[in-house]
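Hello,

Here is the structure I said I would pass on. My notes on what was found in it follow below the display.

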Amino acid sequence: MTAPGSAHADGQAHVDPVVLMDYWLAALPAAEEETVEEHLLACDECGDRLRDVMQLAESLHVLARSGTLQVIVD
């Protein structure tokens, strides 16, 4: 759940960005989801990072729906 090399001044680890994305997508097991939620209530920095993840996901959704995203699938 923790981001490598990322910790609070009190030594508590921040939530890994991949875990935040899985949390946002409701892809975590219930026990891990609860742990992340408890951490988010106490950590403003991780809350800000979650909002960044949410904004990125929304931006990608808008871009994909716009039809301007061109990709090559191999």
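To begin with one of the helix contacts: His-39, Leu-40 and Ala-42 of H2 meet Asp-44, Cys-46, Gly-47 and Leu-50 of H3. Sorted by class, the residues of this contact are four nonpolar, two polar and one charged. Please keep in mind throughout that this is a predicted model.

The geometry of that pair is as follows. The axes of H2 and H3 come within 6 Å and cross at roughly 110°. Angles of 65 to 115 degrees count as roughly perpendicular, so H2 is roughly perpendicular to H3. The crossing in which H2 passes H3 is left-handed.

Overall layout

The protein chain has three helices and two strands. Along the sequence they come in the order β-β-α-α-α. The chain has 74 residues, of which 24% count as buried. Taking the contacts with a separation of 6 or more, 47% are between residues 24 or more positions apart.

The core

Which residues make up the largest nonpolar core? There are 11 of them: Val-15, Val-19, Leu-20, Tyr-23, Leu-28, Val-36, Leu-40, Cys-43, Cys-46, Leu-50 and Val-53. Helix H1 (17-24), helix H2 (30-42) and helix H3 (44-66) are the elements that give two or more residues to this core.

Leu-40 is located in helix H2. Leu-40 has a relative accessible area of 15%, and the limit for buried is under 20%, so Leu-40 is buried. Leaving aside neighbours within four places in sequence, Leu-40 is in contact with Leu-20, Tyr-23, Cys-46, Gly-47 and Leu-50. Val-15 is 25 residues away from Leu-40 in sequence, and the C-alpha to C-alpha distance of this pair is 8.6 Å.

Leu-50 belongs to helix H3. With a relative accessible area of 10%, Leu-50 is buried. Not counting residues up to four places away in sequence, Leu-50 touches Leu-20, Tyr-23, Trp-24 and Leu-40. Leu-50 and Val-15 are 35 residues apart along the chain, and their C-alpha atoms are separated by 9.3 Å.

The contacts of H1

H1 packs against H2 at an angle of about 110°, with the two axes 11 Å apart. H1 and H2 are therefore roughly perpendicular to each other. On the H1 side of the contact are Val-19, Leu-20 and Tyr-23, and these meet Glu-32, Glu-33, Val-36, Glu-37 and Leu-40 in H2. The class count here is five nonpolar, no polar and three charged residues.

What are the angle and the axis distance for H1 and H3? This pair packs at about 65°, with the axes 10 Å apart. H1 passes H3 in a right-handed crossing. Pro-17, Leu-20, Met-21, Tyr-23 and Trp-24 from H1 meet Cys-46, Arg-49, Leu-50, Val-53, Met-54 and Ala-57 from H3. By class, the contact of H1 with H3 has 10 nonpolar, no polar and one charged residues.

Two further residues

Is His-39 buried or exposed? His-39, which is found in helix H2, has a relative accessible area of 5% and is buried. His-39 is also one of the H2 residues in the contact with H3. Gln-12 lies 27 residues from His-39 in sequence, and the two are 9.6 Å apart in space, C-alpha to C-alpha.

Ala-26 is in the loop between H1 and H2. Ala-26 is not a glycine, yet has a positive phi of about 60°. The relative accessibility of Ala-26 is 60%; the limit for exposed is over 50%, so Ala-26 counts as exposed.

Regards

Conventions:
Residues numbered from 1 in each chain as written. Predicted model: local features only at pLDDT ≥ 70, side-chain atom pairs only at ≥ 80, totals over all residues. Heavy atoms only, no water. Core = buried A, V, L, I, M, F, W, Y, C linked by side-chain atoms within 4.5 Å. Buried < 20%, exposed > 50% of the residue type's maximum accessible area, 1.4 Å probe, protein only. Helix = DSSP H or I, 4+ residues; strand = E, 2+ residues; numbered from the N terminus. Axes fitted to C-alpha atoms, helices over the stretch in contact; angles between N-to-C directions. Parallel < 35°, antiparallel > 145°, perpendicular 65-115°, else oblique. Contact = heavy atoms within 4.5 Å. Nonpolar A, V, L, I, M, F, W, Y, C, P; charged D, E, K, R; others polar. Left-handed = near helix turned anticlockwise from the far one by under 90°.
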